[in-house]
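Hi,

Here is the structure I promised you. Have a look at it first, and my notes follow below.

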Amino acid sequence: MTTMLAATVLGTPDPPALADFYRALLGWQEVEREPGWVRLRAPGQERPGLSFQGESDHTPPVWPPRPHTQQMQAHLDIQVDDLETETERARALGATVEEHQPQERVRVMRDPHGHLFCLFLPGA
């Protein structure tokens, strides 16, 4: 039996809008778009991909985590060559920088719908 991770799926109240953010951030291609579903892939690769599904009651996680609050169950790690430049580019696309930053070579951010993601430098 052969297995492979095919995609990561993020729940969001507006899949097309969030897919547009990540398409611009990552430079990926859109391969499928329906009202409640969008799928992206890296150029030249079919899988793994990043998909977005409609969830009208999505609740963003609390960061840093605190007991009895919505916990982060997953996040995306995105490697960059220039942390400051890519942080500003992500902000220009609609992301926000979190106040709590636990590592120097990593930037914890939120996408426009509240999902946490990290930009990081090689070796971090």
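Bear in mind that this is a predicted model. I started with His58, which touches Gly11, Thr12, Pro13, His113 and His115, leaving out residues up to four places away in sequence. His58 sits in the loop between strand E4 (49-54) and strand E5 (76-79), and its side chain comes to 3.4 Å from the backbone oxygen of His113.

Next, the sheet. Four strands make up an open sheet with mixed pairing, in the order E5-E8-E7-E6. E5 and strand E6 (96-97) are at the edges with a single partner strand each, so one side of each has no neighbour in the sheet. E5 runs parallel to strand E8 (residues 116-120), and 4 bridges join the two. Within that pairing, Asp77 is opposite Cys118 in E8. Helix H2 (residues 83-93) packs on the sheet and touches E6, strand E7 (106-110) and E8. The direction of H2 makes about 5 degrees with that of E7.

On to the nonpolar packing. The largest nonpolar core has 20 residues, and Tyr22, Phe52, Phe117 and Leu119 have the most contacts inside it. Helix H1 (15-26), strand E3 (37-41), E4, E5, H2 and E8 each give two or more residues to this core, with H1 giving the most, 5 residues. Another core, of 6 residues, lies apart from the largest one and has Trp63, Val106, Cys118 and Phe120 among its members.

Cheers

Terms used:
Residues are numbered from 1 along each chain as its sequence is written. This is a predicted model: local features need pLDDT of at least 70, side-chain atom pairs count only at pLDDT 80 or more; totals for chains, interfaces and linings use all residues. Side-chain values use heavy atoms; hydrogens and water are left out. A polar contact is a pair of N or O atoms within 3.5 Å; within protein, one must be able to donate a hydrogen and the other to accept it, and residues adjacent in sequence count only if both atoms are side-chain atoms. Contact means heavy atoms within 4.5 Å. Two strands pair if DSSP finds at least two bridges between them. Axes are lines fitted to C-alpha atoms, for helices over the stretch in contact, and angles run from 0 to 180 degrees between N-to-C directions. A nonpolar core is a set of buried Ala, Val, Leu, Ile, Met, Phe, Trp, Tyr and Cys residues joined through side-chain atoms within 4.5 Å. Buried means under 20% relative accessible area, exposed over 50%, partly exposed in between (1.4 Å probe, protein chains only).
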